[in-house]
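Q: Please take a close look at one part of this model. I would like a single connected account.

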Amino acid sequence: MAPRIQLIDVTLRDGNQSLWSAIGIDTRTVVDVAPWLDRAGFKCIDFTTSTHMAISVRYHREDPYEKIRLARQLMPNTPLIFMTTGMRFITWEPAPRAIIRLAMRVMVRHGIRRIQIVEPMNNMSALLEAARIAREEGAEQVVAGLVYSISPVHTDEFYVRCAEELARERQLIDTVYIKDPSGLLTPERVETIVPALRRALGDDMPLEIHSHCTMGMAPLCYLRAVQLGVQTVHTAIPPLAEGTSLPSIYRTVANLRELGFEVDIDLEPLAYVSEYLQRLARRKKFPVGRPLEYDVSYYRHQVPGGMITTLQRHLKEVGAEHRFDAVLEEIVRVRAELGYPIMVTPYSQLVATQALLNIESRERYEKVPDEVIKYVLGRFGPPPAPIDPWVKERVLSLPRARELDVPIPEPTLEELRRTFGATISDEELLLRWALPADQVDAALARKIGHPAPTGNNLTHPIAQLIAEVARKPSISYFHLEKDGIRLTLSRQNGLPLSVQASTEGSIPHDRHPA
């Protein structure tokens, strides 16, 4: 029997984040594409993070919990993923444990079935603490990510030690995945790291792979990984595939099947999703993912493409374009001095900002931003390697370091309620803890209150139908079965409209169910 490979779709979350700055997918878009995604047969759908929830509030003025609830109702057959960066919620500094516990509880309550925990420093103790809380709050699946990077520290042995820590906590961790956010993996490295992790985790711990296409290597890495025992790969649907996003589901499936692997996925309904997102990209002038040129220098400096553009623009504004190469070299040096943080948000920004200040100042580390000081103080957790002693002493001797070196408060849930409101919901409490009050006020004021936004711009007939029923309080019950869709709408005692949806049978991708 051919080995069976499962797929996780990242379009709505990581594809959106990689190519559309995380602002392209709002609740209306989710409602429009959800039934087709549910038909495809994905293992899971990478749906949201606390950062994306914050963007829902700040940018779309939407209630992020409503988006989760609607997605769960319209995708009943496919587990949704909430990804979190260890003991953090929206902010990059560690959140109080009461906030983390409440966030996990609320996610589970709203139908999130898989909680994916990624600690950017690969701090396994922080990851396992978050995993324990997620498990205690009822998470169905808890998945641990190992964040891949290249440095003298990030060796196979480093990742094996991390995997061994996870393997000792099997009651907390169901699955482990290699997370390559910068697209640095190569097929040659896959050939060493995957077998090493398989041995460390044991045969009964599933291993997945998630790699971005930044260097064009991810599709090749996927093929080699599944040959070495990886059971699940993460893909995206065009136009939110390739570029700095993840491999296209279409080419990945074709390649896997060509090599004799069984892939239990239905591509037909995804044609509608792809076409819908293409139209959205044209209308909003969003970029479309395309293969990128191979830039070998990226392996040295690892600065994300968007940051390269920002650096070039800044240097041009101050008449220092000629110093661009010097800034890149300084970035490499600063990263080493700070203990080789992985070059993803926020660490790539910290390293690049400090490098730029070093180049523009009379002396290196003469000026140090607060976030770098907090990093050296350990606010973001222990770095992968020790910080250079001279740099550490220089930073900690600054007067600002003494001002910032204060204990992190650990308020209880009761204390938080006294601060933000004793009668507000758990959901509102979490948002008010992390975000400005005016932003939360604006988002909650626009709260939809039923399973689809109203208005003439809705394109999906299911969304139009739900919106129309929601506008008519005289309708207390509505049931529809057509073209493989079962939809039940009901309301009781003035409560918001309740939606139960399931999809069975075939749904043609070129027409909408009526």
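In which sense, left-handed or right-handed, does H8 cross H9, and what surrounds that part of the chain?

A: The model is predicted. In it, H8 passes H9 in a right-handed crossing. H8 covers residues 187-201 and H9 covers residues 218-227. Their axes come within 9 Å and cross at roughly 30°. Angles under 35 degrees count as roughly parallel, and H8 and H9 are therefore roughly parallel to each other.

On the H8 side, the contact is formed by Pro187, Val190, Glu191 and Val194. H9 contributes Leu220, Cys221, Arg224 and Ala225. By class, the residues in this contact of H8 with H9 comprise 6 nonpolar and 2 charged, with no polar ones.

Next in the account is strand E8, residues 232-235. E8 is covered on both faces. Thr232 and His234 lie on one side, Val233 and Thr235 lie on the other, and all of these are buried.

Two strands pair with E8. Strand E1, residues 4-9, pairs with E8 in the parallel sense over 4 bridges. Within that strand pairing, His234 of E8 is the bridge partner of Ile8. Strand E7, residues 207-211, also pairs with E8 in the parallel sense, here over 2 bridges. Opposite Thr232 in E8 stands Glu208.

Definitions and conventions:
Residues numbered from 1 in each chain as written. Predicted model: local features only at pLDDT ≥ 70, side-chain atom pairs only at ≥ 80, totals over all residues. Heavy atoms only, no water. Axes fitted to C-alpha atoms, helices over the stretch in contact; angles between N-to-C directions. Parallel < 35°, antiparallel > 145°, perpendicular 65-115°, else oblique. Left-handed = near helix turned anticlockwise from the far one by under 90°. Contact = heavy atoms within 4.5 Å. Nonpolar A, V, L, I, M, F, W, Y, C, P; charged D, E, K, R; others polar. Buried < 20%, exposed > 50% of the residue type's maximum accessible area, 1.4 Å probe, protein only. Pairing = 2+ DSSP bridges.
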